[in-house]
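This report is meant for a reader who meets the structure for the first time.

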Amino acid sequence: MASRQKSAAGIPADNGAVLAALRTGPFEVALRTAIEARGLPLERLRSHLATNGLRIAVTTLSYWQRGLRRPERPASLEVVTALESILGLPAHSLTVLLGPPRPRGAAVRAPGGQHPYPYPEMMRTPGDLTGLLAELNSPAAGKLQVVTEHTTATIGPRRELALVSSMVAVRARQDGVDRALLIYDCDEGTDESAVEVLAGDSCRLGRVRRDRLARVVLAELLFDRSLHRCETQVFSFEIRPHSEVPCHRHITAFRLPADQYVLRVRFDPVELPVHCQWFTARDSEGPDDSTVDLTLDSHHLAHVVATGIGPGVAGMRWSWV
């Protein structure tokens, strides 16, 4: 069987679409075209990157090829360089299509960690999370500090996120706080209109906002009364995504340092992952600040107990290959 002639970089010489996209850009079109030409699913790309010691979420790769996010941080640019090699592209052919990085707000670098980090700086959603927060205008923003959070995420037999169940203890940073704000960042492909938020103990559901482009659900959890400064409140809630989209990680964003975070992920016995890892990061796009490999117990659970967590994001990722 005759093999097709390839360029020195590994691109089939007759693949004009890839060559044209690399010449003209933009970055997302070139990346998407190269991925389609190689026929590699994003999960397989993520696996190749992990083999090279580079950790990145499948959702981030999807954002990049759709133009919803751009790689800017040094760790992200390292991933782009690795993608050039994995996809058989000339060196720097993708990175040259990236413009200069966007300036980032000084609030992200707040000294001492006592000033709340803005949610949009931590949760890199593809839409306008800032506008959604302004529309909701929740008085809880930055006025509650997490004392402890216990969360269990249940992964179903189709690798989907079936349920998130949380119990949270918070402390008021000033008088008059009477609610908490829940922000749920849906997995790509999840219908945000189908996501169900259920208030549990010691709270009730308030206003709910959904956005298809940002792919988020915002919900207020109202307390029975207003808290005084330093007073605590313990409440619980559940999230039911009603989605069959495979889930590869669960993260929580902490605007202020939290005393304790307990995360458990329960897997269906018919679909057990081959690798689980705890990680912390400045934001949902990375890079990781720390990672710890985890082992499932006999009940198909992986767990971590973290203290002094945040500000930033923390969570667990896993893979089946």
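The model is a predicted one, in which local features need pLDDT of at least 70 and side-chain atom pairs count only at pLDDT 80 or more, whereas totals for chains, interfaces and linings use all residues. Residues are numbered from 1 along each chain as its sequence is written, and side-chain values use heavy atoms, with hydrogens and water left out.

**Overall make-up**

The protein holds seven helices and 13 strands, where helices (H or I, at least four residues) and strands (E, at least two) are DSSP runs numbered from the N terminus. Of the 321 residues in the protein, 52% are buried; buried means under 20% relative accessible area, exposed means over 50%, and partly exposed lies in between, with a 1.4 Å probe and protein chains only. Contact means heavy atoms within 4.5 Å, and among the contacts in the protein with a separation of 6 or more, 72% are between residues 24 or more positions apart.

**Thr-148 and strand 1**

Thr-148 is placed in strand 1, which covers residues 144-155. Thr-148 counts as buried because its relative accessibility is 15%.

When residues up to four places away in sequence are not counted, Thr-148 touches Met-167, Val-168, Ala-169 and Gln-260. In a regular strand the side chains alternate between the two faces of the sheet.

Strand 1 as a whole is mostly covered, with 11 of its 12 residues buried. Two strands pair if DSSP finds at least two bridges between them, and strand 1 is joined in this way to strand 2 (residues 161-172) by 11 bridges, the two running antiparallel. In this pairing Ile-155 stands opposite Leu-161 of strand 2. Strand 1 and strand 2 form a hairpin with five residues between them, and in the turn Arg-159 has a positive phi of about 70°. Strand 1 is also joined to strand 9 (residues 258-267), here by eight bridges and in a parallel arrangement, with Thr-152 standing opposite Arg-264 of strand 9.

**The cavity and the pocket**

On a 1 Å grid over the protein atoms alone, a cavity is a set of points where a 1.4 Å probe fits but cannot get out, and a pocket is an open set with protein on both sides within 12 Å along at least five of seven lines; lining residues have an atom within 4 Å of a point. Grid points are joined across faces, edges and corners, and a volume is the space filled by probe spheres set on the points.

How many cavities of 30 Å³ or more does the structure hold? There is one, and the largest cavity has a volume of about 40 Å³. Its lining consists of Leu-161, Tyr-184, Asp-187, Thr-190, Pro-241, Ser-243 and Val-245.

The largest pocket has a volume of about 990 Å³. Its lining is made up of 46 residues, and those nearest its centre are Leu-182, Ile-183, Ile-251, Thr-252 and Ala-253. The elements that give two or more residues to this lining include strand 1, strand 2 and helix 4 (58-66).

**Thr-190 and the loops**

Thr-190, one of the residues lining the largest cavity, lies in the loop between strand 3 and strand 4 (196-199). Thr-190 is buried because its relative accessible area is 6%. Leaving aside neighbours within four places in sequence, Thr-190 is in contact with Val-195, Arg-215, Pro-241, Ser-243 and Val-245.

Arg-215 is itself placed in a loop, between strand 5 (204-211) and strand 6 (216-227), and has a phi near 60°, a positive value in a residue other than glycine. With a relative accessible area of 7%, Arg-215 is buried. His-300, in the loop between strand 11 (288-294) and strand 12 (301-309), has a positive phi near 65°, and at 24% relative accessibility His-300 counts as partly exposed.
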